[in-house]
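Dear colleague,

Please find the structure below, handed over for your own work. My notes on what was found in it follow.

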Amino acid sequence: MSALTQLPAWQALWDHFADAKHHHMRDLFASDPQRAERYALEVGGLFLDYSKNRITDDTLRGLMQLAREAGLPTKLKAMFKGEKINSTENRAVLHVALRNRTNSPILVDGEDVMPKVNSVLARMGKFCHAIRSGEWLGYTHQPITDVVSIGIGGSDLGPLMVCSALKPFGHPRMNMHFVSNVDGAQLKETLKKVHPETTLFIVESKTFTTQETLTNALTAREWFVARARDEKAVAKHFVAVSTNKKAVAEFGIDPANMFEFWDWVGGRYSLWSAIGLPIMLYLGEENFTELLNGAHIMDQHFANASFEQNMPVLLAMIGIWYINYYGGGSHVIAPYDQYLHRLPAFIQQLDMESNGKQTCLDGSPVDFETAPIIWGETGINGQHAFFQLLHQGTHISPIDLICSLQNSSSLPGHHEILLANVFAQAEAFMRGKTAEEVREELAAQGLKGDALEALVPHKVFGGNRPTNTLLMDRLDPRNLGSLIALYEHKIFVQGVIWGINSFDQWGVELGKQLAKTIHAELAGKLDDAPHDSSTKALIRRYRRANAGQ
């Protein structure tokens with residue numbers, strides 16, 4: 001047995017679950033008129049209603065006791081203090097330092113990291129002002145109108161999601177483009193939309209060696225030089241977010257236009273750093289600062305609020321309840337806001353790359369479920385796609401319903417319909433529809449006898465399906481910052497409970513290593529390497545199909 005499964009609180013929760021699994025939320029609401037008020041929490045511009053979960057006061061007490069027994073108080077303090085909690089890479093985990101708006105010292109190896117953080121932010125602000133104001137001109141003395149961000153993973157998803165979510169706050173002259181896929185189609189289609197005289201490329205790679213990013217960046221450089229006909233013009237149209245000054249300079253980028261970040265910034269937690277340069281370019285320094293402010297509000301809440309009134313802790317521990325006790329293997333992110341259409345993909349990487357682990361910190365295998373499969377889509381579209389499974393399928397998939405109270409489109413009537421669907425879905429998931437209710441409904445429609453009874457089982461909804469409703473006052477930089485930080489901290493808490501390292505990602509390495517060998521074979525630079533028969537056959541099929549090229 002693992003250390004987790006031997007904790008008294010873990011065992012006590014199993015005893016509680018034997019009875020709790022029979023509770024229906026309909027009954028819980030009926031027996032407690034104050035349930036919605038008691039199971040709600042507000043932090044800054046975020047309001048969380050977690051009352052529509054299969055929990056009671058006893059459940060929450062048990063979960064909070066589990067958090068304490070698993071060492072969350074100590075691990076939480078260690079992260080904020082800059083201790084090297086990423087043990088497999090011997091690194092601190094300090095995305096919180098990137099939005100430390102109080103500027104209080106945070107030490108790593110005895111050095112306060114805040115002066116460097118503030119220095120990079122100041123350089124980013126100066127650069128972005130020059131671009132946005134038109135002071136920075138391209139090689140034909142025209143201002144920049146298009147920005148192409150070239151990255152992958154956290155270097156792409158974070159900036160892409162934020163720029164999409166906050167489009168109403170974007171610079172009216174600036175068009176943002178994001179390229180991550182090494183499939184040449186994405187870059188090719190992007191380059192069709194831009195002009196070399198007015199385009200800025202941001203190459204985002206810490207080592208400046210990431211294969212996918214560098215392949216796209218070098219192709220973009222070739223495209224640019226072929227039109228500018230001047231290698232020196234590269235310096236006016238390419239900048240880097242990296243730490244490899246030598247490789248950046250060899251590319252043709254002025255090292256003065258290289259923005260650094262540090263090994264204590266994980267890729268999927270990096271949008272707050274220089275990786276967020278596209279965000280600041282699009283939104284401006286003031287709005288980027290508001291994004292940091294919103295995250296800092298959630299950081300302070302997470303660090304200081306009691307667990308019982310702590311939004312990230314509550315969401316994390318309720319998630320533990322479903323994953324480890326109910327066997328809920330997936331979790332749905334359903335934003336009811338078109339601007340947040342990239343949020344499910346962002347949270348998917350954040351959660352699954354962080355906690356998709358099968359090994360405890362001490363090297364022993366886990367004997368419990370870890371990260372759920374994260375999936376989702378904008379809620380309204382989801383209702384006409386996968387909500388059928390959520391309502392009547394055999395899976396238990398908790399759902400986060402996310403929306404803003406303020407109408408962002410200003411089109412009359414639309415927002416009321418949108419919000420009506422959010423609240424109705426949450427109620428429907430909780431209540432369901434009994435056989436008696438179905439019979440009454442069908443009888444009112446004129447059905448009776450065998451025809452009525454034949455339809456009844458098909459129209460019954462069991463209900464008791466859990467949801468969290470997250471409301472923002474409005475979708476703005478500050479509230480988005482708080483929302484992202486909420487999920488970051490939730491994921492951290494769950495990693496602590498499971499005793500895993502949420503901040504490495506060794507699982508992505510093997511495929512990369514094998515791809516290097518296979519790439520050499522596909523390119524004709526290497527004879528047959530040792531592979532299984534399937535892989536060999538696939539390589540031969542590719543060679544035959546492209547023999548004439």
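The mean positions of the 52 positive and 60 negative charges of the chain lie 5 Å apart, where Lys and Arg count as positive and Asp and Glu as negative, with His and the chain ends not counted, and where each charge is placed at NZ of Lys, CZ of Arg, CG of Asp or CD of Glu. This is a predicted model, in which local features need pLDDT of at least 70 and side-chain atom pairs count only at pLDDT 80 or more, while totals for chains, interfaces and linings use all residues. Residues are numbered from 1 along each chain as its sequence is written, and side-chain values use heavy atoms, with hydrogens and water left out.

One residue may interest you in particular. Lys490 sits in helix H22, residues 477-498, helices being DSSP runs of H or I with at least four residues, numbered from the N terminus. Lys490 is buried yet has no salt bridge, and Asp400, its nearest side chain of opposite charge, is 4.5 Å away; a salt bridge would need a side-chain nitrogen of Lys or Arg within 4 Å of a carboxyl oxygen of Asp or Glu. Leaving aside residues up to four places away in sequence, Lys490 touches Pro312, Leu315, Ala316, His331 and Asp400, a contact being heavy atoms within 4.5 Å.

Best regards

Notes. Helices (H or I, at least four residues) and strands (E, at least two) are DSSP runs, numbered from the N terminus. Buried means under 20% relative accessible area, exposed over 50%, partly exposed in between (1.4 Å probe, protein chains only).
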